[in-house]
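Subject: Structure handover

Hello,

Here is the structure we talked about. Please open it next to this email. My notes follow below.

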Amino acid sequence: MNILLYVSKDDNLVMFCCNYKVECLWITSLLSLLVKYYSCFAIMAGDENGVPIDSPFLRIDMLGANSLFNCVGGLEITSNDRLFYASATAISKNWLLTAAHNFDLDENGVVDEQITVKFNLPEIGVFGTDSFYLYPEFTGFSGESIKRDLALVYLSEPLPDIVLYPILALHPVVGDKITLVGFGKSGFGNYGYTVQANIDIRRIGFNTIDYFEYDNKTGLPVLCYYDFDCPETVGCLGGSLGNDLESIIAPGDSGGPILISGSNEIKLVGVSTFCKGYGGRFGDIGGGVIIEPYLEWIFETIAIEIPEVSSFFLMQSGVLILLRFIAGKQK
Ligand SMILES: [Ca+2]
């Protein structure tokens, strides 16, 4: 067992990276901490014995390079000789959108000094990263700052033409069916994580937006929340979408997209950044940052010429930047 547990200064937020087995969750006083927020993520399956049948394997996106979600890739992050996994969405040939905490493992609101990040698109390729831009008001995974947990990453080489990019503008509402995509841990909703994160394995799940937290500045929804409902609630108001559909993120899904998907296009409405509960079980709450209030920052940043402006932008933002955490991990 090897558990890395990070607790923020105000003790309100807990994030963890791990390579432990699910039973470990029950042997220490960590349980009391796990009911609080933690940054994480993986796409969970439903009840192991539920109907329709479901499993972490059945949640895998088997279409690889031909997937409608081929813009969603896994992040392999090395910081201080430790390896972490997270997720990200390519929004153009040169840019990724993800969670800021993925790059701020020491939680000081700034990108870690010794960090390397690779972006893996299954069956398409592995791409290096050049520079990181944390949302300027992100100061760490805590308090109001979790509403600013966004980062843009500039790739060291353009992505190939086969990649399909999401539409960025949309105003989500309560009741919207959302698609969750990530490379994190997985498992069963009736007992939690059983499968490690893997940046070669993309999983897909669904849920319904239950409520929002709003941005004081713009009045727009800035955080969305959804609950992981058990299959017995299918057909009930606010209940499960179905045992083989309903899901929640898990460690390693941090930075992955919250989408509204159609038959031939996907609309990006948010970025998965947090969940709270008991380790991927029914009843847990997941959520993320809604991008609508940040579209201006996104478009301004990706319009920056690289590398000339990158250093200027970093200085102007006070520096910041960066990252925060991740999820699956190991090594
Ligand atoms: Ca739900």
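Of the contacts in the protein with a separation of 6 or more, 74% are between residues 24 or more positions apart. Two residues are in contact if their C-beta atoms, placed from the backbone, lie within 7 Å.

Two notes on reading the model. This is a predicted model: local features need pLDDT of at least 70, side-chain atom pairs count only at pLDDT 80 or more, and totals for chains, interfaces and linings use all residues. Residues are numbered from 1 along each chain as its sequence is written.

Overall make-up. The protein has three helices and 19 strands. These are DSSP runs, numbered from the N terminus: helices are H or I with at least four residues, strands are E with at least two. Of the 331 residues, 50% count as buried. Buried means that 20 or more other C-beta atoms lie within 10 Å of the residue's own; exposed means 12 or fewer, and partly exposed is in between, with C-beta atoms placed from the backbone.

The core. The largest nonpolar core has 70 residues. A nonpolar core is a set of buried Ala, Val, Leu, Ile, Met, Phe, Trp, Tyr and Cys residues joined through C-beta atoms within 7 Å. Leu96, Ala100, Leu134, Leu150, Ala151 and Val153 touch the most other members. Strand β17 (residues 266–276) gives the most to this core, with six residues. Domain 1 (40–61 + 166–293) and domain 2 (69–164 + 294–329) each supply at least three residues to this core. The domain bounds come from an automatic or database domain assignment.

Strand β4. Six of the eight residues of β4 (residues 72–79) are buried, so this strand is largely enclosed by the rest of the structure. β4 runs antiparallel to β5 (residues 82–90), joined by eight bridges. Strands pair if DSSP finds at least two bridges between them. Here Gly73 stands opposite Ala88 in β5. The two strands form a hairpin with two residues between them, and Asn80 in the turn has a positive phi of about 50°. β4 is also antiparallel to β7, through six bridges. On that side, Ile77 stands opposite Val117 in β7.

Pro122. Look in the loop between β7 (115–121) and β8 (125–134). Pro122 counts as buried because it has 24 C-beta neighbours inside 10 Å. Leaving aside residues up to four places away in sequence, Pro122 touches Gly64, Asp200 and Arg202. Pro122 and Cys71 are 51 residues apart in sequence, yet 9.7 Å apart in space, C-alpha to C-alpha.

Best wishes
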